[in-house]
Amino acid sequence: MYLLKVYCANCQTLLYKYQKEGPGFLIKCYKDRIQEDYTNGDLKCPKCGEKFARDAMYQRKPANKIIRAKVYVRR
Ligand SMILES: [Zn+2]
């Protein structure tokens with residue numbers, strides 16, 4: 001696992017610090033692996049209001065399904 005910083009693609013605001021497992025694109029964020037949450041928990045960017053994810057379940061775990069192109073990530 002490694003730490004990713006997840007940013008709003010629209011205004012570059014930091015949204016999450018997330019513990020990602022495995023390679024590849026960020027498709028979802030398991031809620032229990034979000035280490036720091038800078039949002040108001042409504043899946044919208046706190047600065048510009050852009051919606052960047054939807055509630056979903058993966059393998060029976062609650063997750064935020066990332067809307068493609070709404071975020072970018074940095075190590
Ligand atoms: Zn934003």
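How many helices and how many strands does the protein chain have? The chain has 0 helices and 7 strands, where helices (H or I, at least four residues) and strands (E, at least two) are DSSP runs numbered from the N terminus. The model is a predicted one, in which local features need pLDDT of at least 70 and side-chain atom pairs count only at pLDDT 80 or more, while totals for chains, interfaces and linings use all residues. Residues are numbered from 1 along each chain as its sequence is written.

From the N terminus on, the order of elements is β-β-β-β-β-β-β. The radius of gyration, taken over C-alpha atoms, is 11 Å, close to the 11 Å from the globule rule for 75 residues, so the chain is as compact as a globular protein of that length. That rule is 2.2 Å times the number of residues to the power 0.38. Along the principal axes, the C-alpha atoms fill a box of roughly 30 × 25 × 20 Å.

Turning to the pairing, two strands count as paired if DSSP finds at least two bridges between them. An open sheet of 4 strands has the order β4-β2-β1-β7, with antiparallel pairing. Its edge strands, β4 (34-37) and β7 (71-74), each pair on one side only. Strand β1 (residues 2-8) is joined to β7 by 4 bridges in the antiparallel sense, and Val 6 stands opposite Val 73 in β7.

Strands β5 (residues 53-58) and β6 (residues 61-66) run antiparallel over 6 bridges, with Ala 56 opposite Ala 63 in β6. The hairpin has 2 residues between its strands, and Gln 59 takes a positive phi near 50 degrees there.
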